[in-house]
Amino acid sequence: MNGVSIASSSTVIFPLESAAKFPRPFFSGVRLRSAVPQSTPSASIAYRKPAAAAVMMAKREEELKEIRAKSTEQINEEVVDLKGELLMLRLQRSARNEFKSSEFRRMRKRVARMLTVKREREIEDGIKKRYSRKLDRQWKKSIVVRPPPSLIKLREEEAAAEAAENAS
């Protein structure tokens with residue numbers, strides 16, 4: 001058994017030199033399940049049609065135009081709101097409520113785009129990275145905690161429903 005033996009079409013056994021030291025019932029080789037690489041289904045899923053990619057790119061460009069049209073203060077306000085929405089989604093997930101898991105990625109990407117536009121403006125103004133981080137820390141400390149818009153909307157709906165019950 002000094003060579004390579006093939007047990008079946010998908011199993012290859014390579015014996016080890018130290019196999020004589022162990023009693024016979026022990027496994028005496030290295031077993032590889034698949035000698036031939038197989039195509040993974042995820043590789044075919046990851047491929048997108050060019051038309052779909054172009055549509056996604058156009059949406060992203062529209063969103064960037066919309067973000068660039070806003071002032072820096074408006075961008076800061078929306079970042080705070082989106083981070084509050086992300087907190088609400090995390091709370092829903094931890095409470096095992098129903099929610100759209102795709103919202104996590106969408107919101108994180110939108111926050112990243114907004115912060116990127118904010119940093120682009122700082123670069124145009126000649127603000128270096130170190131000073132930018134200092135300004136960012138100051139901005140984060142100055143944020144007033146407030147409920148996210150979705151929670152405010154939910155509270156308003158509950159109050160309207162309660163008022164409708166009391167009226168009838």
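## Close-up views of a predicted model

**Figure 1. The whole chain and its contacts.** Among the contacts in the protein with a separation of 6 or more, 49% are between residues 24 or more positions apart. Please keep in mind that this is a predicted model. The protein has 6 helices and 3 strands. If you trace the chain from the N terminus, the elements come in the order β-β-β-α-α-α-α-α-α. How many of the residues count as buried? Of the 168 residues, the share is 20%.

**Figure 2. The largest pocket and its lining.** Here we look at the largest pocket, which holds about 310 Å³ of space. Its lining is made of 10 residues, and those closest to the centre are Met56, Arg60, Arg105, Lys109 and Arg113. Two helices to look for are α2 (50-68) and α4 (102-124), each of which supplies at least two residues of the lining. Which helix gives the most to the lining? That is α4, with 5 residues. Now think about the kinds of residue in this lining: 9 are charged, 1 is nonpolar and none is polar. If you wonder how such a space is found, rolling a probe the size of a water molecule over the atoms shows where empty space is left.

Figure 3. Is lysine 118 buried or exposed? Lysine 118 is buried, because its relative accessible area is 12% and buried means under 20%. Leaving aside residues up to four places away in sequence, lysine 118 touches Thr72, Asn76, Asp136 and Trp139.

**Figure 4. Where helix α3 meets helix α6.** Helix α3 covers residues 72-94 and helix α6 covers residues 149-167. The two pack at an angle of about 70°, and their axes are 8 Å apart. An angle of 65 to 115 degrees counts as roughly perpendicular, so α3 is roughly perpendicular to α6. Which residues make the contact? From α3 come Asp81, Glu85 and Met88, while α6 brings Pro149, Ser150 and Leu151. Sorted by kind, the residues of this contact are 3 nonpolar, 1 polar and 2 charged.

Notes
Residues numbered from 1 in each chain as written. Predicted model: local features only at pLDDT ≥ 70, side-chain atom pairs only at ≥ 80, totals over all residues. Heavy atoms only, no water. 1 Å grid on protein atoms, 1.4 Å probe; cavity = no way out; pocket = protein on both sides within 12 Å on 5 of 7 lines; lining within 4 Å. Points joined across faces, edges and corners; volume = space filled by probe spheres on them. Helix = DSSP H or I, 4+ residues; strand = E, 2+ residues; numbered from the N terminus. Nonpolar A, V, L, I, M, F, W, Y, C, P; charged D, E, K, R; others polar. Buried < 20%, exposed > 50% of the residue type's maximum accessible area, 1.4 Å probe, protein only. Contact = heavy atoms within 4.5 Å. Axes fitted to C-alpha atoms, helices over the stretch in contact; angles between N-to-C directions. Parallel < 35°, antiparallel > 145°, perpendicular 65-115°, else oblique.
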